[in-house]
Amino acid sequence: MQSEKPTASEPFPWEIGVFDAHCHPTDTMSSIDDIKAMKAATLTVMATREQDQELVSQVALQFKGSNQSSEQDSDACNDRVIPCFGWHPWFSHQIFDDTKHDEPRDGEYLASMKIEHYKNVLAPLIDDEDLLHELPVPCSLVDLVSRTRARLQKHPYALVGEIGLDKTFRIPKAWSSAGSDGNENTASSDSSITPGTRNGRALSPYRVKMDHQRAVIKVQLRLAGELQRPVSLHSVQAHGAIIEVLQELWAGYEKKVISNRQRKRGSSVPRAHEGEDVSPTHSNEGSDSDKIETKPKPFPPRICMHSYSGPVDPLNQFFHPKVPADVYFSFSAVINFPDGANAKSSNVISALPEDRILVESDIHCAGQRMDDLLEQIVRQVCDIRGWSLERGTQILADNWKRFVFG
Ligand SMILES: [Zn+2]
């Protein structure tokens, strides 16, 4: 849109407040202390798998009330870290769906079902004995939801995330056969990375079936709705499937759209589920949790499509006047602008309403690089939208606060 980037040399207005809408610093626990020296105001820190749920909780407690920014209202949350609890689709095969059973399945049952479970949820049919052996005993989905609920209740500002659907990923090979040259034990694992990720392993041919991914995301979206928490969503080549899942969950809650004819007749049709459902009751979880709670629903009130890599077309569905949730789109330098420019992401950023854009680093390590990536994406968004750095940084800060706190 602009032939030059007038913002590139301007000093960056960190003092306005820059908010990372999606990142994974607990993947590198040795970087957590670096958060103290960061210029970014607040990090929205995702959990993804068994190994990082408790770490995210601990880091949030460690940085509680540590944001001294004068930009914040005195009664607003001034935590430097906003924790998010959820299971990422890349780890969804490690979950056994026992939501149809009366009681959560116990460890003994899950251990006995392990091989059958992985044969059920992975495609093509898994026959790799090394990998089957290494995969963990799956955990109960019912159990996982109750543990996540407890964490969300302990952290009144916590979100649900990272959850999502991914049509393209494949699970990593077994450690014993993961070397890219075919030799055993040659995968280059980095011991500073929190366990559970791919960590240098080659990929197997196995994907997690979409039906299973859908079951796992659905219960987590319902939990977010029950506690009225926003969610951070991962979607790779699955935007249609995401919309379908959301439509299924919010069926019956759609906003009523007043037609022109009705408007001309002067009838005042009340908009369903609007204005009637906000009950300013205070939760009873302690002094810092007196935020306004709203009635439980089967879907989250606010949704962030993180590092949105899709085209402009699906935006119509997310912004349809009937949609009873507020959908935000977040962008990162790493995923959206790896080469500095990307017409597809630029077109999406240009097409979005100004109040629905967020920025994120999406990286696995806190510190200078996270700050640098945030500065880069803020400058990029400002450049695409033709905003001055001050104005753009303020808009993005306001958007993040509205997304997280409502
Ligand atoms: Zn992520």
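Two strands are taken to pair if DSSP finds at least two bridges between them. In this predicted model, strand β12 (residues 302-305) and strand β13 meet that condition, since four bridges join them. The two strands run parallel, and I303 stands opposite V327 in β13. Strand β13 (residues 326-332) is also joined by four bridges to strand β14 (residues 357-360). This second pairing is parallel as well, with F329 opposite I357 in β14. Strand β13 is mostly covered, six of its seven residues being buried. D326, which is found in β13, counts as partly exposed because its relative accessibility is 29%, and buried means under 20%. The C-alpha atom of D326 is separated by 8.3 Å from that of R356, a residue 30 places away along the chain.

The zinc ion has three protein donors, namely H22 (NE2), H24 (NE2) and E162 (OE). These donors lie 2.1 to 2.2 Å from the ion, and their spacing along the chain is H-x1-H-x137-E. H24 belongs to the loop between β1 (19-23) and β2 (42-45), whereas E162 belongs to strand β7 (residues 159-166), so the pair ties together parts of the chain that are 138 residues apart in sequence. Both H24 and E162 are buried. E162 is also one partner in a cis peptide bond, which joins G161 and E162 with an omega of about 5°.

A cis peptide bond likewise joins A123 and P124, where omega is about -5°. P124 lies in the loop between β5 (122-123) and α3. Most peptide bonds are trans, and most residues other than glycine have a negative phi. Q228 is not a glycine, yet has a positive phi of about 55°. Q228 is placed in the loop between α5 (210-227) and β9, and counts as buried because its relative accessibility is 11%. S307, also not a glycine, has a positive phi of about 40°. This residue is found in the loop between β12 and α8 (315-318), and S307 is buried, with a relative accessible area of 5%.

The largest pocket has a volume of about 1,200 Å³. Its lining is made up of 48 residues, and those closest to the centre of the pocket are W90, F91, G196, T197 and R198. By type, the lining residues divide into 19 nonpolar, 18 polar and 11 charged. At least two lining residues are supplied by each of α3 (129-134), β7, β9 (231-236) and α9 (333-336). Strand β9 gives the most, with three residues. Strand β7, one of the contributors to the lining, is also the strand in which E162 is placed.

Helix α12 (residues 389-405) consists of 17 residues. From its first C-alpha to its last, α12 reaches 24 Å, which is close to the 24 Å expected at 1.5 Å a residue. An α-helix has 3.6 residues a turn, so residues three or four places apart point the same way. The buried residues of α12 are L389, G392, T393, I395, L396, A397, N399, W400, F403 and V404. Just after α12, G406 takes a positive phi of about 85°.

Methods:
Residues numbered from 1 in each chain as written. Predicted model: local features only at pLDDT ≥ 70, side-chain atom pairs only at ≥ 80, totals over all residues. Heavy atoms only, no water. Donors = N, O, S within 2.8 Å, 3.2 Å for Na, K, Ca; no water. Buried < 20%, exposed > 50% of the residue type's maximum accessible area, 1.4 Å probe, protein only. 1 Å grid on protein atoms, 1.4 Å probe; cavity = no way out; pocket = protein on both sides within 12 Å on 5 of 7 lines; lining within 4 Å. Points joined across faces, edges and corners; volume = space filled by probe spheres on them. Nonpolar A, V, L, I, M, F, W, Y, C, P; charged D, E, K, R; others polar. Expected span 1.5 Å × (residues − 1).
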